[in-house]
Amino acid sequence: MKLTYANGKVDEVDLRDGIVFTDYVGDVKVPGSKFADGLVKNKSLRWFTVSLQPDSPFTKVELSSPGGGPAATTVAVTAELQ
């Protein structure tokens, strides 16, 4: 995930398969996310949090698959203002 801020700063967050994401077919445990129990039947839906300390508002959030391989399906992205 690549985050671009209004001041030009760019942060890259490594959301790696097997660490944050996993195949949707079953409940495979990975250390970087938690199973979202009760939301889907016979598949795996997981959630995770990325904590950031930006010094400027976001202007762009990019989700991509490194190397052009398969990408995890993203259901939602939310942000909390503090």
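Where is Ser33 found? I looked this up before anything else. Ser33 sits in the loop between β2 (10-12) and β3 (34-35). Strands here are DSSP runs of E with at least two residues, helices are runs of H or I with at least four, and both are numbered from the N terminus.

Notes on the model. I am working with a predicted model, in which local features need pLDDT of at least 70 and side-chain atom pairs count only at pLDDT 80 or more, while totals for chains, interfaces and linings use all residues. Residues are numbered from 1 along each chain as its sequence is written, and side-chain values use heavy atoms, with hydrogens and water left out.

Entry on Ser33. The Ser33 side chain reaches the backbone oxygen of Val20 at 2.7 Å. With the side chain of Arg46, the side chain of Ser33 makes a polar contact of 2.7 Å. Contact, by the wider criterion, means heavy atoms within 4.5 Å. Setting aside neighbours within four places in sequence, I found Ser33 in contact with Ile19, Val20, Arg46, Trp47 and Phe48.

Entry on Ser56. I placed Ser56 in the loop between β4 and β5. Ser56 is buried, since its relative accessible area is 13%. Its side chain reaches the backbone nitrogen of Ala6 at 3.4 Å. Neighbours within four places aside, Ser56 is in contact with Tyr5, Ala6 and Asn7.

Entry on aromatic rings. How many aromatic pairs does the structure hold? I get two. In one of them, the rings of Phe21 and Phe48 have centres 5.5 Å apart and planes at 85°, so the pair is edge-to-face. Phe21 lies in the loop between β2 and β3 and Phe48 in the loop between β4 (46-47) and β5, so the pair ties together parts 27 residues apart in sequence. The criterion: rings of Phe, Tyr and Trp (its six-membered ring) pair if their centres lie within 6.5 Å, with planes under 30 degrees apart counted as stacked, over 60 as edge-to-face and the rest as tilted. I noted Phe21 as partly exposed at 21% relative accessibility, and Phe48 as partly exposed at 29%.

Entry on the segment after β5. I located Thr73 there. Thr73 is exposed, with a relative accessible area of 72%. Thr73 and Phe21 are 52 residues apart along the chain, and their C-alpha atoms are separated by 9.4 Å. Ala79 is also in the segment after β5, and is exposed at 71%. From Ala79 to Phe21 I read 58 residues in sequence and 19 Å in space, C-alpha to C-alpha.

Last entry. Leu63 is found in the segment after β5 (58-62). I have Leu63 as partly exposed, because its relative accessibility is 47%.

Methods:
Buried means under 20% relative accessible area, exposed over 50%, partly exposed in between (1.4 Å probe, protein chains only). A polar contact is a pair of N or O atoms within 3.5 Å; within protein, one must be able to donate a hydrogen and the other to accept it, and residues adjacent in sequence count only if both atoms are side-chain atoms.
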